[in-house]
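Biologist: I'm new to this one. Can you put it up and walk me through it?

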Amino acid sequence: CSKDFTERASLTQIAKENFWKSEQDAQLAINGIYDAMQDRALYSGNLNATAGLTMFDCFGDNLYNNYKWEGPGDFMIGIITPSNGMFSSIWSSSYKGIARANAAIENIQNMSTTLISQDKKNALFGQALFLRALYYFNLAVYFQDVPLITKVQTIEEAYVPKNTYQEVNAQVIADLTEAIDKLPASYPATQYGYATKGAALGLLARVHLYNKNYQGVVDATTTLLTLGYSLNPSYAQLFTEQGELSKEILFSVRFNQDVSNNNELFSGTFLGNPAVDKLPMPNLVKDYYCTDGKPITSSPLYDPAQPTGTASHPQKKNRDPRLLASVYFKNDTFLIDTKARFGGNVPTTFGQKKYIRNTSVSANGIAAFNPGGQDFIVIRYADILLMRAEALVELNQLTEVYSLVNQVRQRVSMPTVQAVEGASLTQAALRDIVRHERRVELAFEGLRYFDLKRWGDVQNAFNRAKADNVTGYSPIYLTGKSEIFPIPLGELNVNSNLVQNPVWQ
Amino acid sequence: FFLLLSLQSFSQSTTVSGTVINASDNTPVAGVSVVQQGSSKGTTTDAKGFFTLNVSVAKPVLVFSSVGYQTYTLSWDGSSAIAIKLEPEVAALQDVVVIGYGTQKKINQTGATQTLKLDESVNQPVTNSGQLMYGKFSGVQLTQSSGLPGADASSIVIRGVGTFGSSTPLVVIDNIQYDNLNVFNNLSPSDIESISVLKDASAGAIYGARGANGVIIVTTKKGKSGSMSVLYNNYIGFQEVTVVPKYLNAPDYATLKNEADINRNGPSTTLRYSVADIQAMRDGTDPDRYANTNWAKEILRRAPIQNHYISFSGGNDRTTYRASFGYLNQEAVVRGKFQSSRYNLSLNLNSKLTNWLSISNSSNAYWSRFTGPTGGADAITGETGIINQFQRSSPTVPVYYKNGEYGTIDGSYYSVNASFPITNAIRRGYLGDYSSDELNFANRFGININFTKDLSFETSGSFNIFNSQESDFTPRNATYDWTGQVVAQNPLNVLRNSTAFNYRLLNENILRYAHKFKDKHDVSVLLGHSVQYGRNDGFAGSLKNFPTDGLQEFNAGGVTEPNVTGGASEFALQSLFSRVNYSYDGKYLLELNVRRDASSRFGSSYRYGNFPSASAGWRISEEKFMRSINWISDLKLRASWGITGNDNIANYLYAQTYNVGLDYFLGTSIVSAAAVTTLANPNIKWETIKQYDLGIDAGLFRNSLTITADYFNRNSYDLLYSNFPIPSSIGVTNISAINAASMINKGVEVAVNYRGRIKGGLTYSVGGSVSKFADNKVTGLGDRGLESISGVSIIRVGVPYNAYYGYKALGIFQTADEVTNAPKQFNNPALTKPGDIRYADLSGPDGKPDGLVNDFDRTIIGNPYPSWIYNFNANLNYKGFDLNVLFEGIGNVDRILYDNGQLPFEGDRNNVLTYWLDRWTPTTPSAKLPRLGGYSNAIISSFYIQDASFLRMRNLEIGYSLPSALIKRIGLSKVRVFVGGQNLLTFTKLENFDPERARGRNTDQNVPLYKVYTFGLNVKL
């Protein structure tokens, strides 16, 4: 009797021994892995605090992290130290997701089919593998060598050394390969947002591309072309809440403007200026073509004599619609409800428009600097097309490349490659075209640094950023340190088996 | 007066009749049992104290007894009237102390327990009854950290902090246990009969797992047999802050602000205030833009307080009762809607059903209500709270603009940053509505069975029910500038409501046995069993966008962002306990206690804990060789040792769980999610304190001088600590605490009291105590445990828990040469200039000074715990006049004052205290204060540590009782008027802020403490 009387279990949490007893439990645990992606350091972002993945275009030449202490700014000017909170936040949030995935992978396998149907089991297992791969791939891209943990650890087991990039990468590919096999092509509308076969294929293509396994990219994307994805008719609309269910999206991290923990801040903005902590760089703005498909250096449509602050702003007039969908210029109305105009009074003179909310108060009365409900797209079909194009270029199989790039251009009514640059182009010329297309199509989606690293273009990007002469911003390229994140100091302090990345030692 | 007996003769018997009166106040006593010894004849006195009894013999032995009075036995010779007085038991209580599960004669006590007895009228204007303990106990420190009505309780620490968790002692009120001070604080002071503090392990071990922080036992007043007595006490008065901080006026502020900006940004910087602006402040020519507001003066005010109390008590020889009702109302010393009121109800019943069975019931209930502007107490504290507006609102902003709107913007700052208005403290104090209600009902029902004269059994059931409701409404609101333009607005109104329902159930069963063998071996044994169960339950909701600000309920039409949270937790405790007392011939005393507890807070392998203690005493004064020393009336040596536990930790820490409070968004709806978010510690167990105590009790000169002294040594171990190096790659960053750390507290306490009488009718007593805390430090953080630095303090082995930690300030750099020759100050030494604080280079990466002042040079800069606590008091009575004064002080204690005007013009528009007029400047170099706006002068350092020792007149009361001959005519037995005061005088070196404050960093943002002046009345019927 006394034993029972003093035996009290939590009334709000499920005891570990009582978990993994039903399909519902497994589903909850899978949702928990998704929940970790909503961390500020990963995909929900911040407005004026430690940087998350959503503003990683600040590494390189697309964006300027005006609030340098958020992380990317200090990184770019070479003063960041391994104790910076950005490193530890991304690290711990990623491993949080990995630990949740490991728990699911370990336990779902052991659940008997009397508790959970084989189909459901496959779908959940596949999602856990996909998510673990996504977390690890992010770690591998930024930190390179990291501990590879694939099981639930006890505290005693937690003091692990690093694994090599190759080991981590092999695990990512193995996980994705199995996930592709197990995941369904789609879910009912009420479950929109769960990882699909397409999501896993898309991520696998990205992993292969990063590792320069171009045939792997082609193989993965070949299947993807048949899965029913297509480009969203409107480019601008895709990055608003109205575009969240678009057929272009292979995988997004979902957010909802509610009072739970589902909200994001990467689309938030102050009411005086649009999202002043991340500002489009002049070299990016100049890199968009004019509507004739030609760069501003050669297009007759470009007229630098026009005054700024008007509709005929030289950077605005006759330009790729994607520029106008992505960037605010001086005197643009950036809050449509209060008709607030952007003063251009920021160091780069430009404001980010893509993904940024354009009303001071949302439909349910929440201010624009407070949490919102914009999804962040991790993989979309335009990226698939351009990855395939890039892989084919590198394999020197050039024929299909034109149509792939043209699909992306024609969505925004830009002329085809053939019409502007011509047909029968060299591999090198097509490589430049594909890389340029990637930059303007995918700007501010957090992929730029990943691209620059793959292309060996980081140093050039630093130089382009420096050449913009933005007041108060002087990027300094440091070989190695500008390409790899240091292992967070706090982790090194608590785990003597962990060794700092050599370039940061 | 006398017990009057008259005689009437009958054939075979005699009739006795007479009246019984109370010896202390000469009032008749009803319900006194009058029994003829050795017969079945007996009766009771009536309402006038009169009785008639037939007795069977001519010279009977009559026994007069009544609850609350000493039994009186009279051998009546049947002829003459005899003078007797029936003494109330209160007098006997003087020598009895309340201990765990019982009482004990003070002379037989072997543990360290101190008891405070309270008069029937307690007039001290304390709003929390715990504050009655100020200055009355040795080894006990009370600290009040806020003067906000309803939130102005003091923390209580017995013999130093012995845990990293809560060091609040266990409180037992009328045998019901409470794990916080709430119920104690909300008792009506006049309901309290005694407060006992069990300090050592011997006294506390009977409470086992809950006794580690010491135990406070409170008993409430019970009824006494006799005619009904009605008591009415009141006081009315007002409160004012103990210190009003002095801030710069607007012209000085503007001048110094300009100077700070030049120091910070160079001589060519654009100045905030022009000469004309400053002149406007002096002349008052542009009050909207250049006002001269003394915010501290605007915000603080004199506030009323009143208290009323009435009790009814009485009974007969079988049943006694006491019922009381109290009311307290207190407004805040801060302008605004802040107000607190409390209603108290108490009812105690005791009844002897038969000579072997008695029952008792005590009930105690209070309803307290706090109202204020939106945010409640949050409106007042914190960075943007009202109190911090002393500094945060520049004096150049008017309280009101000429257009009637609240002032929010400094005229010059407006052109720099229009969207950054001040918090207008007066507006804040009246904006929106907040209310919180607390309802608490405690009841204990007990049954006592006397099997034999020596053996009794008591069983009791108690509950304590707590219900709270909170409602917070923020209206739509906007602030405007002097032209009427909107500066800031809040377009949505919000209602937040929350409710909590907590209860505790307790059943205790106790067997008591006491017997004296062979007239020398006095043995008593107590065996007990107790089960406790508690549950906390509650939920909170919020909703926005109501059509009107006038209706403030959820059903009033809010539509935006509905949000609900809630939860519950429970705990259970089952215990067996025993105490054995043995005394040989009244000379050699021995006491053994043991308690075995099982607590739901621990996993099955660590659920049980055993807590033994032993103590012994030697009453030297009873030895034959001492008999000849007449001036020593009483002398006792005592020693104790024991182990007590602390289970005051969170529930469920041992159990690994999946947190199902997560979620994700899919399709168009939110789905729940689950994950392990905290790593449990399955091996979690009790925190433990091992304590020994050596003491001496002496009574000299017929006990007119009493001395008690104790040395204690408290060794805490298995303390919960959570700062261990765990890689975050394990996927969880919250780790449950581990029983790893240890601490030690040592000290000496001495208390002396003297009672005397001077011819002519002056009686007096004086007393005092001194406690010296010799050693208080952390002794271990466990294997791999890391030091914890948080804000201004550190947890480090070898120094006091949470010692202040920062840089050591050596003085002020006076010349450029000094700067050049000194170790480099931080990473940007070029910014250091004459006038900046010079910090010591104490260490470096290799543990040696490295010519650079940085993180490595931080050190212990202060001790937040006092070395000394002392108090003294005096009571005088002379012909109806009485005077009661109590002083209390603490010595050698540090506080950090780091905010609210103490920093040299940090922030963009913060005011400073007036002492900054003596800052360092090139022409008036100061050796004490740095320049304004300099480099690194605002970091945490010894510069901001101040000695917060103080001596305070805690209480003063002067009363006059009207002559009883006069008031008897109108049927009253007592009328007394008094004037009183609380915290009237304070002697301290600390300026601008009250020295009594919590040890944290921003305590100067709390509501200042107040003093109270009262006038009151005590009437007894």
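Biologist: Where does Glu561(B) lie?

Modeller: Glu561(B) is in strand E28 of chain B, residues 560-584. Keep in mind that this is a predicted model.

Biologist: Is Glu561(B) buried or exposed?

Modeller: Glu561(B) counts as buried, because its relative accessibility is 15% and the cut-off for buried is under 20%.

Biologist: Which side chain does the side chain of Glu561(B) make a polar contact with?

Modeller: That of Lys544(B), at 2.9 Å.

Biologist: What else is Glu561(B) in contact with?

Modeller: Setting aside neighbours within four places in sequence, the contacts of Glu561(B) include Ser542(B) and Leu543(B). From chain A, Val259(A) and Ile366(A) are on the list too.

Biologist: Why quote an area at all?

Modeller: The accessible area lost when parts come together is often used to give the size of an interface.

Biologist: How many salt bridges cross the interface of chain A and chain B?

Modeller: Two. In one salt bridge, the side chain of Arg607(B) meets that of Glu7(A), at 3.2 Å from N to O.

Biologist: How many residue pairs are in polar contact between chain A and chain B?

Modeller: The count is 14 residue pairs, with both residues at pLDDT 80 or more.

Biologist: In what sense do E1(A) and strand E32 of chain B pair?

Modeller: Antiparallel, over three bridges. E32 of chain B covers residues 657-666. Within that pairing, Gln13(A) has Asn659(B) as its bridge partner.

Biologist: New topic. How many salt bridges are there over all chains?

Modeller: A search of the whole structure finds 84.

Biologist: Show me one inside a helix.

Modeller: Take Lys182(A) and Glu178(A), whose side chains meet at 2.9 Å, N to O. Both are in helix H7 of chain A (residues 165-182), four residues apart, about one turn of the helix. Lys182(A) is partly exposed at 24% relative accessible area, and Glu178(A) is partly exposed at 31%.

Biologist: And one between distant parts of a chain?

Modeller: Arg380(A) and Glu248(A) form a salt bridge, with their closest N and O atoms 2.7 Å apart. They are 132 residues apart, with Arg380(A) in strand E9 and Glu248(A) in the loop between helix H10 and strand E3 of chain A. Both residues are buried. They also belong to a network of salt bridges, with Asp320(A), Arg322(A) and Lys354(A) among the other members.

Biologist: Is Lys1020(B) buried or exposed?

Modeller: Lys1020(B) is buried, at 13% relative accessible area. Glu120(B) is partly exposed, at 26%.

Technical notes. Residues are numbered from 1 along each chain as its sequence is written. Chains are lettered from A and ligands numbered from 1 in the order in which they are written. This is a predicted model: local features need pLDDT of at least 70, side-chain atom pairs count only at pLDDT 80 or more; totals for chains, interfaces and linings use all residues. Side-chain values use heavy atoms; hydrogens and water are left out. A salt bridge is a side-chain nitrogen of Lys or Arg within 4 Å of a carboxyl oxygen of Asp or Glu. Helices (H or I, at least four residues) and strands (E, at least two) are DSSP runs, numbered from the N terminus. Buried means under 20% relative accessible area, exposed over 50%, partly exposed in between (1.4 Å probe, protein chains only). A polar contact is a pair of N or O atoms within 3.5 Å; within protein, one must be able to donate a hydrogen and the other to accept it, and residues adjacent in sequence count only if both atoms are side-chain atoms. Two strands pair if DSSP finds at least two bridges between them. Contact means heavy atoms within 4.5 Å.
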